[in-house]
Amino acid sequence: LYLAWLSFRSGASRAWLEQSTFPGYWALYRRGVIMNITNPKVTLFFLAFLPQFAKPELGNVPLQIVTLGLLFQLATLAVFGGVSFLGGRLAEWFNASIRGQIILNRITACIFTALAFLLIFSSR
């Protein structure tokens, strides 16, 4: 509830004006690749989930796994690309609009309040 109160009372922030320079798309891409390679959840997904869709009666199983992995990468690129594009546009709007920042803070306060009440009234 304290976090909800702080979010509700906070006004617009101009911290985005003081951010450092944009690191570049290649640096961001490299960071994302390194994060995914070092993320054990991605490896567990490919080891546990993907082989279920390979069928030995259809031919070369390693080729099927590679094909499914490439399809997964294409789907990931499309979804994450769309999310990042939309997120970038929303961030620009919220950073440029004082009213938008206040609305976002009020929505955050409502979410924190709902979570607090769920914690308070939840049973074991």
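This is a predicted model: local features need pLDDT of at least 70, side-chain atom pairs count only at pLDDT 80 or more; totals for chains, interfaces and linings use all residues.

User: Which residues make the contact?

Analyst: Helix 4 brings Trp 93, Phe 94, Asn 95 and Ala 96, while helix 5 brings Ile 98, Gly 100, Gln 101 and Leu 104. Sorted by class, the contact has five nonpolar residues, three polar ones and no charged ones.

User: What makes Phe 80 buried or exposed?

Analyst: Phe 80 sits in helix 4. Its relative accessibility is 54%, and exposed means over 50%, so Phe 80 counts as exposed. As for distances, Phe 80 and Asn 105 are 25 residues apart in sequence and 25 Å apart in space, C-alpha to C-alpha.

User: And how do you know whether Arg 9 is buried or exposed?

Analyst: Arg 9 belongs to helix 1 (residues 2-9). Its relative accessible area is 56%; the cut-off for exposed is over 50%, so Arg 9 is exposed. Along the chain, Arg 9 is 93 residues from Ile 102, yet their C-alpha atoms are 9.1 Å apart in space.

User: Why is Ile 111 called partly exposed?

Analyst: Ile 111, which is in helix 5, has a relative accessible area of 46%. Buried would mean under 20% and exposed over 50%, with partly exposed in between, so Ile 111 is partly exposed.

User: Now the largest pocket. How much space lies in it, and which residues are closest to its centre?

Analyst: The largest pocket holds about 1,000 Å³ of space. It is lined by 23 residues, and the closest to the centre are Tyr 29, Gly 32, Asn 36, Leu 77 and Phe 80. Helix 2 (25-37), helix 3 (40-48) and helix 4 (61-96) are the elements that each give two or more residues to the lining.

User: Which helix gives the most to that lining, and what classes of residue are in it?

Analyst: That's helix 4, with 11 residues. By class, the lining has 13 nonpolar residues, nine polar and one charged.

Definitions and conventions:
Residues are numbered from 1 along each chain as its sequence is written. Side-chain values use heavy atoms; hydrogens and water are left out. On a 1 Å grid over the protein atoms alone, a cavity is a set of points where a 1.4 Å probe fits but cannot get out, and a pocket is an open set with protein on both sides within 12 Å along at least five of seven lines; lining residues have an atom within 4 Å of a point. Grid points are joined across faces, edges and corners, and a volume is the space filled by probe spheres set on the points. Helices (H or I, at least four residues) and strands (E, at least two) are DSSP runs, numbered from the N terminus. Ala, Val, Leu, Ile, Met, Phe, Trp, Tyr, Cys and Pro count as nonpolar, Asp, Glu, Lys and Arg as charged, and the others, Gly among them, as polar. Contact means heavy atoms within 4.5 Å. Buried means under 20% relative accessible area, exposed over 50%, partly exposed in between (1.4 Å probe, protein chains only).
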